[in-house]
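Here is a short tour for your first look at a protein model. Keep the structure open beside the text and find each residue as you go.

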Amino acid sequence: MLNPPEDTVGADAYFADGRRRTPLPVGQLYWPDWDRFEATFRDLFAREYYTNHGPLVQALERALQEALGVRHVVCVNNATIGLIMAAEALGLRGKVIVPAFTFIATPQSLTWAGLEPVFCDVDPVTHQMDPTCVERLMTPEVSAILAVNLWGDCCDISALSAVAERHGRPLFFDSAHAIGCCYEGAPIGRFGSMEVFSFHATKVLSAGEGGCITTNHDMLAARLRNIRSSYGAGPAVPVVKTANGRMSEAHAAIALLNLQDFPRTLNRNHEIFAAYARGLAGIPGISLRQPQRVSVSNHQYIVCGVDAEFGISRDELVEALHNKNIIARRYFYPGAHRSTPYRDDLPQFCDALPVTDRLCTTLVQLPTGALVSDEDVEMICRFIRDAHASIAATA
Ligand code: T4K
């Protein structure tokens, strides 16, 4: 098992009534062990070079280029900034088609870039952007498609690429959840015009805060490097707006250490997913979401559907889990289309996305990642199974 805090494992992790002694969050929260962390930070302090494309950021970019098989990796300080920069580098204007079933940062990045989201529905089985819906929403005002690779799975990249090509519009990806995933055997990170990853602490590859943009296009990479650093790095190419999207050396150091551990991290996530699959099997009304389109998943999130057959609603189950100190989440309730400012500014989407609405009210995310022990998975699954049994007995 990878670095669970001492006080949360073993028999003492739970009170006799099944409540966990300390809260268990959904985030991945993998972190390098102290000895390597200390050695790396001693080096960093000795060098006295803390930001502005230092040796650690450069090393991280090279390592990711090699791992993902992509020409350019541009590290940034978080994925939200990365998405804004990507839209700016593409020179987009007007509207961009984007799923509403995503974290609010995805459409907000478009708003920051002066663009208007056109919300699209998702596929009921894969939860990913629905290419037929994209086709229907395409108009002359639409300048691009921003797809989201959710959960540790991915979109139907071939179908979306075909729609984008047919209409002559760029396709780029919010791949915040997808580092380490493969599509048809190739790592996510090589597709569309650009892809944007998050290295937030809750993500499977963590820098604490951070992210990167990947692209095979030299001109887009040159623009990104200039936008990121106010013309501070690389050959100057014309861009209208610049910013500070730089990743610090400290964040790059954490990401590099976590990258060394990444095979172990993925392996542990696979074990946790398999344990949930065993523990939740056969509970009426509970369906563990399986990765559909990826050939390799990172199991960034453990996602379950809660249907009427279970006996209580998703929200009631989440509340019951919280009472046990299991901090399950309701991503992405209520959906970007029903969140501020879009529910007021773009009301036409409020009742137009039936699949998104259903997923937002029926899905629950269960804990996975570094803090989760085998005992945790067992306790969570047993709690859900017992909850159903006691509801069924009193019905
Ligand atoms: N696109 C998509 C599809 C995304 O999901 C995200 C972010 C983005 C773009 C933008 O990426 P960034 O700009 O963030 O790089 C979290 C994360 O903050 C966010 O990164 C993530 N997606 C989103 C889905 O979840 P919250 O507010 O729901 O959860 P948060 O950060 O409070 O953490 C979850 C749980 O983990 C909490 O119960 C507390 C616990 N926790 C969290 C942190 C950070 C810890 O125990 N330790 C920690 O250090 O947003």
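In this predicted model, an oxygen atom of the ligand sits 3.3 Å from an N or O atom in the side chain of H200. R329 and Y331 also place a side-chain N or O atom by a ligand oxygen, at 2.9 Å for R329 and 2.8 Å for Y331.

How much of the ligand's accessible area does the protein cover? On its own the ligand has 910 Å² of accessible area, and the protein covers 73% of that. The ligand is surrounded by 21 residues, and the closest are T80, D174, H177, S198 and Y331. Helix α2 covers residues 55–68 and helix α8 covers residues 249–260. Their axes come within 8 Å and cross at roughly 35 degrees, and the crossing is left-handed. On the α2 side, the residues that meet α8 are P55, L56, V57, A59, L60, A63 and L64. Their partners in α8 are E249, A252, A253, A255, L256 and L259. What classes of residue make up this contact? Twelve are nonpolar, one is charged and none is polar.

Last come some details of the backbone. Most peptide bonds are trans, and most residues other than glycine have a negative phi. The peptide bond joining Y333 and P334 is cis, with omega about 0 degrees. Another cis bond runs from T340 to P341, where omega is near 0 degrees. P334 is in the loop between α10 (314–323) and α11 (342–345), and P341 is found in the loop between α10 and α11 too. L29 is not a glycine, yet its phi is positive, at about 55 degrees. You can find L29 in the segment before α1, which spans 34–47.

Terms used. Residues numbered from 1 in each chain as written. Predicted model: local features only at pLDDT ≥ 70, side-chain atom pairs only at ≥ 80, totals over all residues. Heavy atoms only, no water. Axes fitted to C-alpha atoms, helices over the stretch in contact; angles between N-to-C directions. Helix = DSSP H or I, 4+ residues; strand = E, 2+ residues; numbered from the N terminus. Left-handed = near helix turned anticlockwise from the far one by under 90°. Contact = heavy atoms within 4.5 Å. Nonpolar A, V, L, I, M, F, W, Y, C, P; charged D, E, K, R; others polar. Near = heavy atom within 4 Å. Polar contact = N/O pair within 3.5 Å; in protein donor to acceptor, adjacent residues only side chain to side chain. Areas by Shrake-Rupley, 256 points an atom, 1.4 Å probe, with all protein chains shown as cover.
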